[in-house]
Amino acid sequence: MVYVTKKSRQAYLSGKEYLADGVASSFHKAAVEEYPLVMARGKGSKLIDIDGNEYIDYVAGFGPMLLGYNAEKVNEAIREQLKRGAHFGAPTEQLYELAQKLVKIIPCAERISFQSSGTEANMHAFRLVRAYTGKKKIIKFEGQYHGWSDEQKISISAKDISELDEDPKKTRIMDTAGQRKAAADDIIIAPWNDLEYVERILQNNHDVAAIITEPVMLDSGPILPKKNYLAGLRKLSREYGCLLVFDEVITGFRLALGGAQEYYQVIPDLAVFGKAVAGGFSLSLVAGKKEIMELGHPSGTFNATPIAVAAAVATLTEIQNDGFYRDLEKMSQRLAQGIMDLAGKHHISAFSTGLGGVCLLNMGIHHSPEDFRDHLRNADQKKYNDLVFRLKLNGVRFTPERGREYVSSAHTTQDIDATLSQIENVFSAWAKN
């Protein structure tokens, strides 16, 4: 069967006449893509585009689809809530039920605050740490994404290593037109996985309110934390009187029920969650110590709508089932180990590992990169993008540009094995050239 995406291309070109950039989010079309796939429907681990092509999907809506697409238990909860009403501008009993569940589940949580997106939740976290400490500086790491506001979208990416100054603190890359350069004034940039560098910042700057980090660097790379790195950040934050914030928008509910803080047994002062919490519906939250969380609450018309709350309660009920995370990690590790076995067989340089519901993949390197700069220097991004392109032609959808492949509870061993079969075809073709 010939792979054709003519309808997707035409829909995109027509849509550009009315929709800015032809997409609703910069995530919808990767820079390496001429046009995005336009989807028609999804079920379980599969998506079908408007040309009728079916894909085993590992993009998962960029993270939320922990239960797979069109999960029946979530659908049931939504249908029941729709009978009662979609939006009230007032709390519901289920809102309090959800908050109570989350406080019990998330190790750092004594109080919960709900928002609609990861960007909003991180904005609230930034404000809370400053309110609590009376300080204004925030340490952020190169290559990590905490949202798209002016202050957040700084040094999140680079085309190559030449864009970065030798000293990370001096490199403050503004990501988009219209950003105020002054927005970076209170953000201190540091390389990840380097505790000594962070300590030097803290020794020389007494106005640091917080250190914010992805517990696993999944927006770029991906990159694993070094042994004891997260615990080291926890120790430094206490020694120097600042707060530790985990951005668990990606890792939350994917690595473990209680997120990366449960997985790595390091408890931050605050944590930000989003994506997977509501099984495909828009909901985010900040969780943390009572004395910090009670300092302010953001406004928002659509914060914790009854629909999102119902979806979240249903999702949490499913992921609390015995064996959920054991089975989820088994699938991600099956994929990761399969990739490593095939790479060895065909003499392809790659590094892959599975954590919870994420398979991490770097091409051109045999280990997890040390940090963002190591990834820029040594990982083969062109090779990874070529893999993504070739897999798409054969019914497998990997995440463009970023080597994070989301595994859901809907993925089966047959899905994984079919995916590995297509990866072997790519590796074999590479080996012959």
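A salt bridge is counted here when a side-chain nitrogen of Lys or Arg lies within 4 Å of a carboxyl oxygen of Asp or Glu, and a search of the whole structure on this basis finds 18 salt bridges. The structure is a predicted model, in which local features need a pLDDT of at least 70 and side-chain atom pairs count only at pLDDT 80 or more, whereas totals for chains, interfaces and linings use all residues. Residues are numbered from 1 along each chain as its sequence is written, and side-chain values use heavy atoms, with hydrogens and water left out.

One of these salt bridges joins K226 to E370, with the closest N and O atoms 2.7 Å apart. K226 lies in the loop between β7 (208–213) and α6 (229–239), and E370 in the loop between β12 (358–363) and α11 (372–378), so the pair ties together parts of the chain that are 144 residues apart in sequence. Helices (H or I, at least four residues) and strands (E, at least two) are DSSP runs, numbered from the N terminus. With a relative accessible area of 38%, K226 is partly exposed, and E370 is likewise partly exposed, with a value of 38%; in these terms, buried means under 20% relative accessible area, exposed means over 50%, and partly exposed lies in between (1.4 Å probe, protein chains only).

A further salt bridge is formed by the side chains of R234 and D269, at 2.8 Å from N to O. This pair links distant parts of the chain, since R234 belongs to helix α6 and D269 to the loop between α7 and β9, 35 residues apart, and both R234 and D269 are buried. The side chains of R390 and D386 also meet in a salt bridge, at 2.8 Å from N to O, but here both residues lie in helix α12 (residues 381–393), 4 residues apart, which is about one turn of the helix. R390 is partly exposed, with a relative accessible area of 28%, and D386, at 25%, also counts as partly exposed.

Aromatic contacts were examined next. Rings of Phe, Tyr and Trp (its six-membered ring) pair if their centres lie within 6.5 Å, and planes under 30 degrees apart count as stacked, those over 60 as edge-to-face and the rest as tilted; a search of the whole structure finds 8 aromatic pairs. Among them, Y58 and F398 form an edge-to-face pair, with 5.3 Å from centre to centre and 85° between the planes. Y58 lies in the loop between β3 and α2 (72–84), and F398 in the loop between β13 and β14 (404–406), so the pair ties together parts that are 340 residues apart in sequence. Both Y58 and F398 are buried.

The pair of F253 and F273 is tilted, with 5.3 Å between the centres and 50° between the planes. Because F253 lies in the loop between β8 (243–248) and α7 (260–264) and F273 in strand β9 (residues 270–273), this pair ties together parts that are 20 residues apart in sequence. F253 is buried, with a relative accessible area of 0%, and F273 is buried as well, also at 0%. Elsewhere, ring pairs link F141, W192 and Y229 into a cluster.

Strand β9, which contains F273, is joined to β10 by 4 bridges, and the two strands run antiparallel; two strands pair if DSSP finds at least two bridges between them. The bridge partner of F273 in β10 is L285. Strand β4 (residues 111–115) is also antiparallel to β10, to which 5 bridges join it, and R111 has G288 as its bridge partner in β10. Of the 5 residues of β10 (residues 284–288), 5 are buried, so this strand is largely enclosed by the rest of the structure. Both faces of β10 are covered, with S284, V286 and G288 buried on one side and L285 and A287 buried on the other.

An open sheet of 4 strands has the order β1-β2-β3-β13, with mixed pairing. At its edges stand β1 (39–43) and β13 (396–397), each with a single partner strand, so one side of each is left without a neighbour in the sheet. Strand β3 (residues 54–57) pairs with β13 in the parallel sense over 2 bridges, and D57 stands opposite R397 in β13.
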